[in-house]
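Subject: Structure handover and first findings

Dear colleague,

I am passing on to you the structure shown below, together with an account of what was found when going through it. Please read the notes with the structure open beside them.

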Amino acid sequence: MPPEYIPTEIEKKWQERWAADHLYEVEESDPRPKWYALTMFPYTSGDLHIGHWYAMAPSDVHARFKRMQGYKVLHPMGFDAFGLPAENAAIKRGIQPRKWTMDNVENMRRQLKSIGAVYDWRREAITCVPEYYRWTQWLFLQLYKGGLAYRAKAPANWCPSCQTVLANEQVKDGQCERCDTPVTHRDLEQWFLRITNYAEELLRHDGIEWPERIKIMQRNWIGRSEGAELSFDISHLGLPEKDLRVFTTRPDTVYGVTFMVLAPEHPLVPALTAPQRRAEVEAYVESARRETEIQRLSTEREKTGVALGTEAVVPFNGRRVPLLIADYVLLGYGTGVVMGVPAHDQRDFDFAKKYGLPIPIVIAPPDWNGKDLTEAYVAEGTMVNSGPFEGTPSEQGKAAVAEYAQQKGWGGPKVSYRLRDWLISRQRYWGAPIPIVYCPHCGTVPVPETELPVLLPDEAEFKPTGESPLKYVQGFVSTRCPQCGHPAQRETDTMDTFICSSWYFLRYTSPGYDKGAWDPERMHHWMPVDQYTGGAEHATMHLLYARFFTKALRDLGLVSCDEPFLRLFNQGTIVLGHHKMSKSRGNVVTPDVYVGEHGADAVRMYLMFLGPWEHGGEWNDAGLNGVVRWLNRVWRLALEDSSVLGSVVSSEEARRALLRVTHQTIRRVTQDLETFQFNTMVAALMEFTNYLGQVWQDRTADKELWHFARDTLLLLLAPSTPHLAEELWVRTGHTYSIHSQPFPTWDDTLAAEEQITLVIQVNGRLRDRVTVPASIPEARAKELALSQEKVQPHVAGKQVEKVVYVPGRLVNIVVR
């Protein structure tokens with residue numbers, strides 16, 4: 001009778017042994033080909049829930065599989081440890097964010113180790129420790145020196161609840177993605193990164209294997225539009241600025257402009273406002289700032305606007321048109337100025353009708369009779385009332401007008417992007433300080449690299465003012481200018497935490513290195529990441545930012561790869577009660593309880609058996625119990641006393657059958673692991689276990705053949721249930737460790753079926769099935785199909801036009 005399977009004892013033993021033997025530590029000197037496998041590191045929220053395991057355990061299975069395939073696998077782990085949630089949680093508990101975060105790191109590290117993963121813990125990266133954010137600051141300085149980081153006053157997305165600025169990507173449906181508070185706007189001095197410099201390159205995904213939906217999401221977010229930038233003359237107003245520039249995708253309609261609209265936040269609005277209009281304009285601007293973008297862009301609300309009392313001149317026809325502001329124009333899109341062409345844009349049409357503005361038709365619909373329009377005509381047509389372009393098809397007119405504008409100095413062809421530069425300033429404490437000093441004599445001065453890191457002070461006072469708590473820490477703010485030595489002040493904003501996660505994969509290659517952010521030689525050895533896994537919700541934030549960072553660092557000569565992640569796979573979401581797990585709903589499943597009762601291997605295997613990994617699934621205790629029973633059967637089966645098979649002589653038929661099923665299982669498991677189809681991989685292993693159980697019961701395998709099949713089962717299980725497989729491998733007389741063994745390979749000849757079921761159809765409808773040799777010739781298959789008793793009534797008296805044979809599957813008889 002085999003001993004009892006006690007997973008908690010086994011798992012603790014092997015985790016300690018693997019750590020003591022440095023089994024999963026990987027060195028660059030290892031001659032095997034490299035495989036850099038990476039899972040998005042977790043935020044330090046306090047506890048890992050089963051959703052974290054759902055992301056991490058299957059990715060570890062894949063990494064182990066590649067390791068057994070002969071790769072030296074780098075599969076590191078770390079912690080995304082800066083950020084607003086940590087700061088808010090610490091404030092709520094009356095402790096410093098540093099303590100709260102590092103306590104969480106300790107707990108989550110313990111939980112992560114219980115997974116039994118191949119993490120090389122020597123390479124751990126924690127983004128909130130000075131040893132890490134020193135290099136985050138260093139990278140900011142490289143971007144600053146390279147002209148990719150700049151400071152500008154701009155309207156920022158503002159969350160009144162979180163009391164901080166949000167990047168565009170952190171605003172979802174007009175609300176803060178963290179707390180769902182409606183987002184408003186504030187004018188603030190902000191730090192930006194020039195991600196727009198890379199818009200065109202970020203549209204391309206050359207040489208990487210990513211899900212199509214992620215590529216589409218990124219392209220849509222970048223939002224490339226072809227058109228023209230046109231200038232409208234305001235030189236008669238006596239301002240330093242002589243024109244207003246507009247981006248439009250319809251330059252063919254420029255002769256129909258009858259008004260121009262600026263975003264209320266546009267910096268020229270005060271100068272363009274006539275004195276008698278100032279009070280009303282200022283009131284409207286203030287009102288617009290209190291609205292969300294969703295409210296301002298709604299197609300259902302009535303369009304509002306206020307005239308500035310000044311005009312611009314359309315250079316194409318000399319028409320003077322009024323200037324207005326309206327909340328439906330956003331400063332962050334295009335130039336923040338739009339040309340009003342009411343005859344050919346429905347929004348402009350409604351606006352013009354409300355305010356009594358002219359609606360000249362400049363694109364004639366087919367068969368137009370010269371009458372006024374009852375709604376805007378937005379389709380293609382023929383240019384009319386358009387000067388030298390009279391009679392030009394509007395599609396041709398787009399390029400012709402753009403070229404004409406370029407010749408006249410009124411603009412020209414232009415490509416515009418929806419993407420905006422990345423706003424990285426955060427008015428919060430718990431983030432990497434921006435390494436900049438403001439000197440009254442020298443201006444904006446970068447902190448010398450030798451003085452990094454700029455350390456966060458241990459104490460800070462948190463006030464609901466919307467200003468960084470660092471502003472009130474005098475010992476932090478007051479400093480001396482690195483250039484002239486006079487008193488100066490530090491920048492008190494901290495960096496968006498997505499900066500930290502935009503380069504962590506580079507730090508993993510050499511985390512202890514102190515001469516730079518990474519050791520160039522070791523970084524070149526490992527990069528790019530061969531396989532990245534994580535949630536699709538990061539498509540337009542982390543995944544886009546990491547690509548931008550890599551390309552920018554490449555151009556600065558710091559990395560040599562164009563893309564950070566060669567392959568990407570997005571897992572789905574595990575739910576409970578049909579809802580995504582969250583503490584607020586009270587439906588979080590904590591893995592510790594289940595690991596303590598059933599073992600990590602059972603939890604790992606059940607998470608993969610839930611359903612396709614990319615789809616996610618519903619957590620169910622009953623399903624876990626089924627996996628536990630199966631693993632107990634594996635335990636008992638593997639430890640059966642094979643000496644009783646000493647006198648068994650396998651028949652040739654039984655031998656071929658067992659070899660066939662074994663090689664078929666190797667093929668199925670391998671192919672499923674390669675493509676992350678974990679649920680069908682588990683099903684194949686369960687079927688193989690059941691088959692071996694019957695073989696054992698019937699005593700149809702000799703000792704040698706049984707050992708081969710049993711050992712194959714253990715090797716196939718090793719990536720998924722590493723502790724169980726290790727224990728059984730050693731108990732069955734093998735040398736430690738199973739995780740240093742090669743993964744089984746299959747022989748297609750041995751895996752081939754000896755017999756197949758041939759489907760017989762008449763005119764595409766099923767009429768019979770017959771069992772035939774797998775090697776049946778085509779002529780014999782057709783002959784057999786025509787002779788079947790169930791087929792005869794459907795062909796009798798009819799003309800057989802043709803017989804189609806699909807090898808190994810079916811025969812279709814076409815009759816008339």
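Helices (H or I, at least four residues) and strands (E, at least two) are DSSP runs, numbered from the N terminus. Please keep in mind throughout that this is a predicted model.

With that naming in hand, a place to begin is His-22, which is found in the loop between helix H1 (7–20) and strand E1 (34–39). The phi angle of His-22 is near 55°, which is a positive value in a residue other than glycine.

On the overall layout, the domain assignment divides the chain into domain 1 (7–126 + 498–595), domain 2 (138–197 + 433–496), domain 3 (224–417), domain 4 (638–751) and domain 5 (755–815).

The size of an interface is often given as the accessible area lost when the parts come together. Between domain 1 and domain 2 the buried area is about 2,100 Å², and carbon and sulfur atoms give 73% of it. On the side of domain 1, the residues that lose the most area to domain 2 are Leu-84, Gln-96 and Phe-548, which together make up 25% of what that side buries.

As for polar links, four residue pairs are counted in polar contact between domain 1 and domain 2, with both residues at pLDDT 80 or more.

Salt bridges deserve a separate paragraph. The count for the model comes to 53 salt bridges, and the rule finds one across the interface of domain 1 and domain 2. The side chains of Asp-458 and Arg-98 meet in a salt bridge, at 3.4 Å from N to O. Because Asp-458 lies in the loop between strand E20 (443–446) and helix H13 (474–477), while Arg-98 lies in helix H4, the pair ties together parts that are 360 residues apart in sequence.

The peptide bond from Met-527 to Pro-528 is cis, with omega near 0°, and Pro-528 has its place in the loop between helix H15 (520–526) and strand E24 (531–535). The peptide bond from Tyr-736 to Ser-737 is likewise cis, with omega near 10°, and Ser-737 sits in the loop between helix H23 (722–731) and helix H24 (748–751).

With best wishes

Note on methods
Residues numbered from 1 in each chain as written. Predicted model: local features only at pLDDT ≥ 70, side-chain atom pairs only at ≥ 80, totals over all residues. Heavy atoms only, no water. Domains from an automatic or database assignment. Buried area = accessible area lost by both parts, 1.4 Å probe. Salt bridge = Lys/Arg side-chain N within 4 Å of Asp/Glu carboxyl O. Polar contact = N/O pair within 3.5 Å; in protein donor to acceptor, adjacent residues only side chain to side chain.
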